[in-house]
Amino acid sequence: MRTVYTGISRGTESTVFRGEVPVGEHERMRAPFQSGDFPGPVKYGYLNVGVVEDGASQFRGRSVFTLFPHQSVFVVPESAVALVPEGVPARRAVLAGAVETAVNVLWDAAPLLGDRITIVGAGMIGCAVARLARGIPGVDVNLVDVDRSKETVCAALGVEYAHPEDAPLERDLVVDASGSEAGLQFALQAAVTEGDVVVASWFGDRGVRLHLGEDFHSRRLTIRSSQVGMIAPRRRATRTTGDRLALALRLLRDAAFDALLTDNSSWRELPDVMAAVAAGSPGLCHTIDWRDSE
């Protein structure tokens, strides 16, 4: 395969870059084609779109997505590639990992028709969850973020933006994708009595303190985790990870997802870009362009 674009998964790759993967998660957090061991040095990444130069006839010359790190040319088993559907541009296809995660989050969350849904955190995952959730008939989707500039991307995705100070409460379902202690605390506040908070955030080795006094018990709130490493239990008997990835790629025919592609840099700039992302530079999906890497 020859890479065309890779994408930086801001949350996870920043955690890896800063050496914050907990010791107990070193094996589970390995990327499929990772080289090296945590805490480092490692070759990490899993959002790669390229063209098959040599392989089976049904793949040769086709655009494919793989879970391979940032690298220009590589060899992988045929089973490791997923065809990018017609109508999905190569750069947009790097979002397959984020959309696949969003699919799993919604399989875990199991929203119902007409639900009032809040997603906390307008990062790549939160935005992808919001865009998919809005397609459910009758739902009211609200995307909450402390950064008021996120209102622009929310508008492009067709969902309502709210700052935490102004966000509606009494929500049937709340998904936390903020990656912050304050975001998760707000998610609990936003949930309806006996409501569910599905936590898609991953905090690495950072501790999280929550106020579970006051009305947490009287409102009988539930906190559940969601993680893309395993198929959601509701679908585990009938779907494979390949099925889930293929679904995510089909969903990327939706051009609204282009709003998540906020930055693009040459592969030559990758070390500096990764350092800036890990330091908290603004943006959503930062893509790396490999088209002149021959």
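This is a predicted model: local features need pLDDT of at least 70, side-chain atom pairs count only at pLDDT 80 or more; totals for chains, interfaces and linings use all residues.
Residues are numbered from 1 along each chain as its sequence is written, and side-chain values use heavy atoms, with hydrogens and water left out.

**Entry on Cys127.** I found Cys127 in helix H4, which covers residues 124-133; helices (H or I, at least four residues) and strands (E, at least two) are DSSP runs, numbered from the N terminus. Leaving aside residues up to four places away in sequence, I listed Gly121, Ala122, Leu143, Val153, Leu157, Leu260 and Leu284 as what Cys127 touches, a contact being heavy atoms within 4.5 Å. I also looked up Asp115, which is 12 residues from Cys127 along the chain, and the C-alpha atoms of the two are separated by 18 Å.

**Entry on the cysteines.** A disulfide is a covalent bond between the sulfur atoms of two cysteines. I used the rule that a disulfide is a pair of cysteine sulfur atoms within 2.5 Å, and by this rule the count comes to 0. Cys154 is in no disulfide, and the nearest cysteine sulfur, that of Cys127, lies 5.8 Å away. Cys285 is in no disulfide either, with the sulfur of Cys127 again the nearest cysteine sulfur, at 11 Å. I recorded Cys154 as buried, at 0% relative accessibility, and Cys285 as buried, with a relative accessible area of 0%.

**Entry on the sheet.** I traced an open sheet of 6 strands in the order S6-S5-S4-S1-S14-S13, with mixed pairing; two strands pair if DSSP finds at least two bridges between them. Strand S6 (82-83) and strand S13 (261-266) stand at the edges with a single partner strand each, so one side of each is left without a neighbour in the sheet. Further in, I saw that S1 (residues 2-8) and S4 (residues 48-51) pair in the antiparallel sense over 4 bridges, and that Thr3 has Gly50 in S4 as its bridge partner.

**Entry on helix H1.** Helix H1 (residues 10-17) is mostly covered, with 6 of its 8 residues buried, and I noted that what covers them includes S1, S13 and helix H8 (270-278). Just after H1, Gly19 takes a positive phi of about 70 degrees.

Notes: Buried means under 20% relative accessible area, exposed over 50%, partly exposed in between (1.4 Å probe, protein chains only).
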